[in-house]
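Trainee: I am new to this structure and would like to learn how to read its features one at a time. Could you take me through it slowly?

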Amino acid sequence: MAKTVMVIDDDENSVKFLIAVLEENGYETQAAYDGREGVDKLRESKADLLILDVMMPKRTGFVVFKQLKRDESLKDIPVLMLTGVAASLADMDSESDDTHARPFDSLREALRKTIKEMREEGEVRPEMFVDKPVDPDELIKKVKELIGD
Amino acid sequence: MVVIVTVVILLNGLFGSLFSRQYALNASRKAMRFDSASIVNGIETLMMRQRDTGVLEFIEKTTSEGATYQDISLISHPSGKICMSGEADVGSFLGMGDKTCNRCHDVVDSPSRNFAAQDEITTGRDGSRVLRVTTPILNKPGCRTADCHIHIDDGDVLGILETDYSLASFDALMRGLNATLTAGALVAIGLVIIALVLTFRWFLAKPLRRLLRGLHTIGSGDLSFRFSARRNDEIGLVAHSFDQMATRIETQQNELLKTLESLQGIVENTADIVITVGRQDLIRTFNRGAEQVLEYARSEVLGRPVQMLMADPKERDIAVARLRGHDNVMNWESRFKTKNGNIKNVLLTLSRLRDREGNLLGTLAIGKDITTEKDLQRKLIRSEQEAAIGRAVTAIQHAIKNMLNTLKGGVYIVRLGNKKQPQPNERIVEGCDMIEEGLTQISDLAHHMLRYAREWTIKPEPVDLADMVRRVAVAVSQTGTDRNAAVRTEIDRSLSKVSCDPRLIHMGLMDIASNALDACLMKDYPNDEGPEIVIRTRRDESKGVAAIEIQDNGIGMTPEVQASIFVPFFSTKKKGGTGLGMALTARIIDLHDGKIEVESEPGVGSRFCITLPLEGPAKRQGEG
């Protein structure tokens with residue numbers, strides 16, 4: 001029985017791309033276009049893996065992520081996070097938390113700080129992140145690592 | 001005073017002389033009258049005895065006894081003189097039948113019984129002064145009984161004795177007395193004058209001279225001088241008034257000095273800059289605040305033109321123009337240049353200084369150093385600008401990556417669709433390859449461009465360069481494993497931590513090392529040689545720098561290429577190069593006050609050398 005992967009992303013083209021990649025590699029897919037819809041669908045029919053876009057307008061991927069972790073029935077579903085800035089977050093250890101010292105790019109700083117906090121709490125790991133534009137081979141590799149074929 | 005004393009002495013002498021003279025004269029008169037009366041008694045005795053010749057002898061004898069008598073005359077009525085000294089008988093005594101004087105003369109007005117002895121000073125026979133004593137010879141009871149005078153009453157005058165006493169001795173005595181008195185008066189006057197002179201000198205001239213010296217002392221500035229006189233006279237009053245005046249002046253001067261010191265203290269101790277210039281623009285006042293801000297000692301600027309303090313000497317003309325017609329300029333932002341050449345932003349208030357008549361004396365400038373505030377303001381503005389750029393950069397990055405993601409997804413779906421065709425179209429595959437290559441280039445360009453736009457401040461911290469170099473070497477060697485590229489490190493252990501921004505330096509080193517690997521991958525090596533990259537650290541104590549060298553044995557560069565590698569958008573790579581990597585690296589090194597140099601030979605290889613100051617960046621930090 002094929003594993004089911006749910007994609008939550010506000011960008012329809014991005015959803016199409018990911019679904020094409022996943023289905024081509026034998027996975028079943030579900031799609032949602034914002035966090036609320038995604039969580040509702042997950043409760044109706046459990047998925048084996050969730051691919052979650054971070055930068056969404058109504059509710060960011062992190063908020064959705066924390067909501068899932070608080071939900072007993074959903075907290076064990078593995079998650080891959082999609083970001084446009086994953087590559088530039090690799091060097092985050094070398095920077096301080098003092099955003100005043102580097103006041104520009106506050107959005108990126110906020111993102112970096114959130115990831116750092118979540119990582120310190122053991123909730124996220126660097127390998128959970130997938131950078132945009134998505135490399136199909138890299139994505140499938142990570143999916144297989146988490147849930148197998 | 002002297003005149004009064006002199007007059008008193010002279011009058012005393014004069015009256016003393018007169019009184020003495022009169023007293024002596026009166027005494028002489030009394031004596032001479034007595035003497036004359038004695039002679040009359042002698043004559044009367046002789047007459048009683050009726051010895052006329054005895055009378056003459058008696059007179060002769062009497063006058064011959066000394067110089068006292070000049071002349072003695074015995075006169076009887078009516079024949080006049082009957083006897084005179086020194087002469088023979090010139091008449092005869094009264095006979096019994098002769099009439100007495102009061103027989104002829106009226107009883108009333110005749111010099112009868114009331115006729116008393118009298119005297120007068122007159123001229124004697126020889127012309128000298130004589131006292132002539134006239135003594136009456138009266139008919140006495142003895143006479144009445146005599147035959148010759150029985151017929152007349154008692155007390156009738158029978159004749160007179162006129163005796164001239166010489167006054168030569170008396171006059172000589174008086175002259176001597178006068179001379180003595182005059183000499184005494186003169187001596188007394190002299191002594192009085194000497195005493196007065198001495199008194200004047202002691203009581204007046206000396207205190208006056210002291211008073212003058214005191215005035216001179218006070219005039220020369222020593223206000224502590226006091227007479228402290230104990231005298232109660234006019235001099236004492238003058239000295240006391242003088243002391244009071246000196247005390248008042250001293251008190252007022254002390255108050256003035258205190259006020260002056262207080263004002264000077266305010267000017268001197270304020271942290272603000274206080275400078276005054278005269279009409280010729282020469283500096284007259286330069287307080288401690290000015291010394292501290294402008295780094296000049298007061299002695300270095302006083303009397304020199306104020307333009308020396310201005311960052312732009314033209315600002316002096318601007319200030320003068322602003323002052324024209326107003327006399328005051330408030331809150332004018334100007335720039336001063338310190339002794340060490342630093343520029344200070346100063347907020348100035350300028351005021352014209354005028355005297356009471358309104359004549360221009362100069363200009364007062366009170367300033368506040370606002371360099372720090374201006375720097376903060378500039379930093380705040382830049383920070384806000386950078387924040388806005390940062391937000392825009394992130395938003396653009398996000399948007400571009402989403403667009404690239406869509407394009408990539410589209411290409412993926414086209415490829416997928418083509419692959420599922422019974423006969424896949426090669427042209428579609430080729431087109432998709434081209435599109436994906438273009439997407440990669442756009443992705444890299446966006447990444448570098450946004451970084452280039454964003455990275456313009458550094459955040460230095462102590463960094464272990466050896467550790468960083470090892471990590472770079474590991475990363476590059478992993479990338480180059482498929483071509484068997486050898487990556488080595490040579491670490492100088494004397495190099496301790498260096499102050500730099502680790503994120504940016506790491507990025508720069510990675511960029512150079514990646515280029516080195518690319519240069520190696522583009523070269524066809526002979527059999528006995530393979531791609532090799534060496535990364536070295538070195539401490540150069542003489543230059544005070546840490547050096548990092550990245551050497552490769554790749555294809556190398558021509559001098560033309562070497563000259564252009566740090567120019568933005570210059571790239572020699574046929575595929576994938578954005579031309580921003582080395583430009584960004586050069587910027588990063590420059591922000592660290594470091595240098596980046598390159599040596600290269602086509603076909604042999606290249607060597608990049610980065611030097612960073614051991615003490616860390618200084619000048620660029622915080623500048624935009």
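Predicted model: local features only at pLDDT ≥ 70, side-chain atom pairs only at ≥ 80, totals over all residues.

Trainee: Is B:Gly236 buried or exposed?

Mentor: B:Gly236 has a relative accessibility of 4%, and because a residue counts as buried when that value is under 20%, B:Gly236 is classed as buried.

Trainee: Which residues of helix 5 of chain B and helix 6 of chain B meet?

Mentor: On the side of helix 5 of chain B the residues include B:Phe203, B:Leu204, B:Pro207 and B:Leu208, and on the side of helix 6 of chain B they are B:Ile235, B:Val238, B:Ala239, B:Phe242 and B:Ala246. Sorted by class, this contact of helix 5 with helix 6 of chain B has 12 nonpolar residues, 1 polar residue and no charged residues.

Trainee: What would an oblique pair look like?

Mentor: Take helix 13 of chain B, residues 502–521, and helix 15 of chain B, residues 581–591, which pack at an angle of about 140° with their axes 9 Å apart. That angle makes helix 13 of chain B oblique to helix 15 of chain B. The crossing of helix 13 and helix 15 of chain B is left-handed. Among the residues that meet are B:Leu504, B:Ile505 and B:Asp511 of helix 13 of chain B, together with B:Met582, B:Leu584 and B:Ile588 of helix 15 of chain B. By class, the contact of helix 13 with helix 15 of chain B has 8 nonpolar, 4 polar and 1 charged residues.

Trainee: At what angle do helix 1 of chain A and helix 5 of chain A pack?

Mentor: Helix 1 of chain A, residues 12–24, packs against helix 5 of chain A, residues 136–147, at an angle of about 60°, and their axes are 10 Å apart. The crossing of helix 1 and helix 5 of chain A is right-handed. A:Phe17, A:Leu18, A:Val21 and A:Leu22 of helix 1 of chain A make the contact with A:Pro136, A:Leu139, A:Ile140 and A:Val143 of helix 5 of chain A. By class, this contact of helix 1 with helix 5 of chain A has 8 nonpolar residues, no polar and no charged ones.

Trainee: How many helices and strands are there in chain A, and how many in chain B?

Mentor: Chain A has 5 helices and 5 strands, which run from the N terminus as β-α-β-α-β-α-β-α-β-α, whereas chain B has 15 helices and 17 strands. Of the 149 residues of chain A, 49% count as buried, while in chain B, with 624 residues, buried residues make up 38%. Chain A exposes about 7,000 Å², with 46% supplied by carbon and sulfur atoms, and the accessible surface of chain B comes to about 35,800 Å², of which 56% belongs to carbon and sulfur atoms.

Key: Residues numbered from 1 in each chain as written. Chains lettered and ligands numbered in written order. Heavy atoms only, no water. Helix = DSSP H or I, 4+ residues; strand = E, 2+ residues; numbered from the N terminus. Buried < 20%, exposed > 50% of the residue type's maximum accessible area, 1.4 Å probe, protein only. Areas by Shrake-Rupley, 256 points an atom, 1.4 Å probe, with all protein chains shown as cover. Contact = heavy atoms within 4.5 Å. Nonpolar A, V, L, I, M, F, W, Y, C, P; charged D, E, K, R; others polar. Axes fitted to C-alpha atoms, helices over the stretch in contact; angles between N-to-C directions. Left-handed = near helix turned anticlockwise from the far one by under 90°. Parallel < 35°, antiparallel > 145°, perpendicular 65-115°, else oblique.
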